Amino acid sequence: MSQIKKILITACGGPSSLSFTRSLRFADPDGEKYTLIGTDCDPYNIHRAEVDKSYLCPKATDPSFIPFLRKLILKEKIDFLHSQPEIEAYTIGKHREEILETGCRLFMPKQSTVELLRDKWLSYKAWVDNGIQVPHNLLLNSPDDLKEAFDLFGKDIWIRENIGAAGKGALSRPTFDTALNQINQNDAWGRTIAAQHLTNKTITWQSIWHQGKLVVAQTRLRHNWAFSNRSQSGVTGLTGIGEIVSCENLDKLAIECINATDPSPNGIFSVDFTYDNDDVPNPTEINIGKFFTTHFFITKTGCNMPHILTLLAFNEYTGGYNIINPCKDGMLWIRGIDVEPILIHKSDINIKIKEFERLIQDLQEKYC
C-alpha cells in the first residue's frame with residue numbers, strides 16, 4: 001500500500017473548499033490515500049470543515065499568513081497544498097517558492113497568468129487583442145469616466161470591480177448617482193469597470209491543464225444565482241441550480257480564451273461566459289487556480305477534478321488528455337441554504353410537472 005499523503009486545504013469551512021474536500025473523500029472514502037488538514041481564518045466557519053484536523057490561521061492579507069502556512073506545513077509534514085479562495089490562491093502563488101522550499105507540492109498556473117486573470121480589466125484587454133468577442137469595457141478612474149460610460153451605454157450599463165469574487169461591486173443598470181455613490185463609498189476609482197449589459201444567461205467551463213495540454217474540461221449552465229434577490233445586481237457568486245451541458249462551439253471558444261492569456265497553461269482555468277442579446281457567449285472572467293464553488297456537482301456526475309488535480313501534483317495521473325464534457329448532459333444540481341444539494345436529471349422535473357398538470361386537469365373535470 002502506498003504511503004498516505006497529507007493534503008492541506010485552506011478556507012476549509014467555506015463552500016468551495018468543502019466541494020474540494022468532499023471530492024477527495026469521494027475518491028478515498030476509507031481514508032487509505034489521503035489525510036486532510038485544513039486552515040480557516042474564520043473562527044466560526046472552521047467548525048463546518050470536513051477535514052481530519054483543522055487550524056485557525058491568519059487572513060491572507062496578514063503578513064504572517066505565509067510564515068504560518070510554512071510552519072504548519074513543516075509541523076504536519078504536508079505533501080500538497082490547495083487553496084480555493086481567490087485572495088489565498090493569489091497570495092500563495094505569489095509566495096510559491098517559500099512554500100515549495102518546505103517540500104510541499106503545489107499545482108498552479110504561472111504567477112504572471114494569475115496576475116493577469118485576477119484582474120478583469122487586464123483579461124478583457126487580452127481577449128480584445130486576440131480578436132475574441134467581449135462586451136465593450138471602460139476603466140473608471142474618475143467621475144468623468146463614469147459620465148462617459150453612461151453616455152456610451154445609457155441605462156443598459158453593468159458596473160463591477162475588476163478584482164474580487166462573488167460579484168464584488170456589481171451594479172445592474174444603476175442610476176448615475178447610485179454608481180457614483182457606491183464607487184466613492186468603496187474608494188474604488190481605478191479598480192472599477194463599466195461594460196455593456198448582457199443577458200441573464202450564463203455558462204461556465206471548468207478545466208485542468210498540464211504543461212500546456214488540456215487534461216479535462218466540463219461545461220455547466222447556470223439556471224440562476226442563489227439569493228439573487230439579496231443583491232442589486234442579481235449576482236451573488238452562488239449558483240442556485242446548475243445543469244451539465246455540452247457545446248462544441250463553447251469548448252473551442254473557452255480554449256481560445258485561455259490560450260489568449262497563457263500559451264502554456266498549467267493548473268485550473270475556470271471560464272465564465274455571459275450570453276449577449278444575439279445568444280453569443282462572451283467571456284467575462286477566468287477563475288484562476290481554483291475550481292468553481294459547485295465543483296462537487298461535477299464530481300458526483302462522473303468527473304472528479306480535485307482527485308485528478310491531486311494525482312497530477314504527485315505525477316501519478318495515468319488517465320487521458322483532452323477529455324471534454326465527460327459528464328452526462330441534463331444532470332441538475334439543486335442547492336439551497338441548510339440543505340444538502342440534490343442531484344437529479346432534468347427529466348425528473350418534467351415528470352413532476354406532468355403529474356401536476358394531470359391533477360389540475362382532474363380537478364377541473366370534477367368541478368366544472
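**Exercise 1.** Which residues form a nonpolar patch on the surface, and what is their accessible area together?

*Solution.* The model is predicted, so local features need pLDDT of at least 70 and side-chain atom pairs count only at pLDDT 80 or more, while totals for chains, interfaces and linings use all residues. Residues are numbered from 1 along each chain as its sequence is written, and side-chain values use heavy atoms, with hydrogens and water left out.

Step 1. The patch consists of Phe356, Ile360, Leu363 and Tyr367.

Step 2. Together the four have about 440 Å² of accessible area (Shrake-Rupley, 1.4 Å probe, only the protein chains shown as cover).

Step 3. Ile360 belongs to helix 12, residues 346-367 (helices are DSSP runs of H or I, at least four residues; strands are runs of E, at least two).

**Exercise 2.** Is leucine 214 buried or exposed? Find what it touches.

*Solution.* Step 1. Leucine 214 lies in strand 10, residues 213-225.

Step 1. Its relative accessibility is 6%, so leucine 214 is buried (under 20%; exposed is over 50%, partly exposed in between).

Step 2. Beyond four places in sequence, the residues leucine 214 touches include Trp205, Trp209, Ile255, Tyr321 and Ile324 (heavy atoms within 4.5 Å).

Step 3. Isoleucine 324 is 110 residues from leucine 214 along the chain, with 8.9 Å between their C-alpha atoms.

Definitions and conventions:
Patches are made of residues with over 30% relative accessible area and no salt bridge: like charges are joined within 9 Å, nonpolar side chains (Val, Leu, Ile, Met, Phe, Trp, Tyr) within 5 Å. A salt bridge is a side-chain nitrogen of Lys or Arg within 4 Å of a carboxyl oxygen of Asp or Glu. Buried means under 20% relative accessible area, exposed over 50%, partly exposed in between (1.4 Å probe, protein chains only).
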